[in-house]
There are 2 protein chains.
Amino acid sequence: MPCNTNALTLAAFFQSNPAKVMTENLRAHINKFTKISEQQLSEILTYFKVIEVSKKENILNEGKICRSNYFVNKGCLRLFFINEKGVEQTIQFALENWWLADYTSFSSQTASDFYIQAVEKSQILTLDFDVQEVLLQNFPQMERYFRLVHQRAHAASQFRIKTLYALSREELYNLFNKRYPEFVQRIPQYLLASFLGFTPEYLSEIRNKKIS
Amino acid sequence: MPCNTNALTLAAFFQSNPAKVMTENLRAHINKFTKISEQQLSEILTYFKVIEVSKKENILNEGKICRSNYFVNKGCLRLFFINEKGVEQTIQFALENWWLADYTSFSSQTASDFYIQAVEKSQILTLDFDVQEVLLQNFPQMERYFRLVHQRAHAASQFRIKTLYALSREELYNLFNKRYPEFVQRIPQYLLASFLGFTPEYLSEIRNKKIS
């Protein structure tokens, strides 16, 4: 398992680093989608581990099984693959309050085609595949939460595929800049370029055109 | 609601067209993902309506709310939008045992950017948004079913986005031909070309190259 040495149960983490733990994001996120009592929520959170991930550290590597579902408590993750030319191609980012995994690998517990890497120093809540199954057995209300999380992701990917077909590269950049200005400011430009499917030089050209 | 004139509850449809109803697909599909008793399954199926849709009939139009979640019992649906040049761009197909909706419009019950159309004469089981909510309240086990349906769709879209970045148009066609030969045979070529992002002429060129 990646980052095993840094992985602690939330209970243990609470004891050793009481000030650092911020489960409020996940608590609020679950509450946004489904009604669960505070006491149950506290129990649910004990199923998660917390990992601190350094900038550019991989928590999933190609050829390995994606054993966990990752909730970004603080920081940013990206999902990428390495193409035939040896170039990293980012296909998804996850900022705070987003879940990320390679869901093919996670669902079937088979080897992944992807990498997951921290874009910046991050604090991630992880839910291992088998632990998630136990959690869902013990708290079936959480099925609704994850159903809505995946339904939103499904909706987002329909929109994403539409933009890949409908927009030119420049229009794609302008759309992202308009809809997610903080995201565009925060993500390193070479990663943003890779995500949008063009070179850093082309991105720089568009940016300069907008400024001049 | 689209196709209102053709919409019947399953119970009524059973009475009027006993031979035509095939709920076995959905029954088996639900059983594949979650364990529900036969009696409960029979009750669950009463929440669905069945519609018969003609070839090229739209069951969702741009600007309208996607009020239902659609399960393809027989036939094929496609999700498309009309681009700035007035050309239809297909982004998703649903064959038997697939669910389809514009999940942004469906989730928020707001106007859709998409159309959903039958590629061939189809028999569709529909679950209206508010009926689905009642179903999920009465049968919370169905949250697991829909969670797994959306999780698979989420996984499929990660793979799809990877192929859009990683493969040339010709490679994309070859991949589809290899992985889904029946699908490639069954779908009209101009729609397959649109889905893969190229012209029917280009598709014809690739096909001829393979044959010669």
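Predicted model: local features only at pLDDT ≥ 70, side-chain atom pairs only at ≥ 80, totals over all residues.
1. B:Lys49 belongs to strand β2 (residues 49-53) of chain B and B:Asp128 to strand β9 (residues 122-128) of chain B, so the bridge ties together parts 79 residues apart in sequence. Strands are DSSP runs (E, at least two residues) and helices likewise (H or I, at least four), numbered from the N terminus.

2. B:Lys49 is partly exposed at 25% relative accessibility, whereas B:Asp128 is buried at 13%. Buried means under 20% relative accessible area, exposed over 50%, and partly exposed in between (1.4 Å probe, protein chains only).

3. In chain A, A:Arg78 and A:Glu88 form a salt bridge, their closest N and O atoms being 2.5 Å apart. A:Arg78 lies in strand β4 (residues 68-82) and A:Glu88 in strand β5 (residues 88-94), ten residues apart.

4. Contact (heavy atoms within 4.5 Å) joins 38 residues of chain B to 38 residues of chain A. Eight salt bridges cross this interface; one of them links B:Arg147 and A:Glu133 at 3.9 Å, N to O. α6(B) gives the most to the side of chain B that touches chain A, with 17 residues.

5. Residues are numbered from 1 along each chain as written, and chains are lettered from A and ligands numbered from 1 in written order. Local features need pLDDT of at least 70 and side-chain atom pairs 80 or more, while totals for chains, interfaces and linings use all residues; side-chain values use heavy atoms, leaving out hydrogens and water.

Terms used:
Salt bridge = Lys/Arg side-chain N within 4 Å of Asp/Glu carboxyl O.
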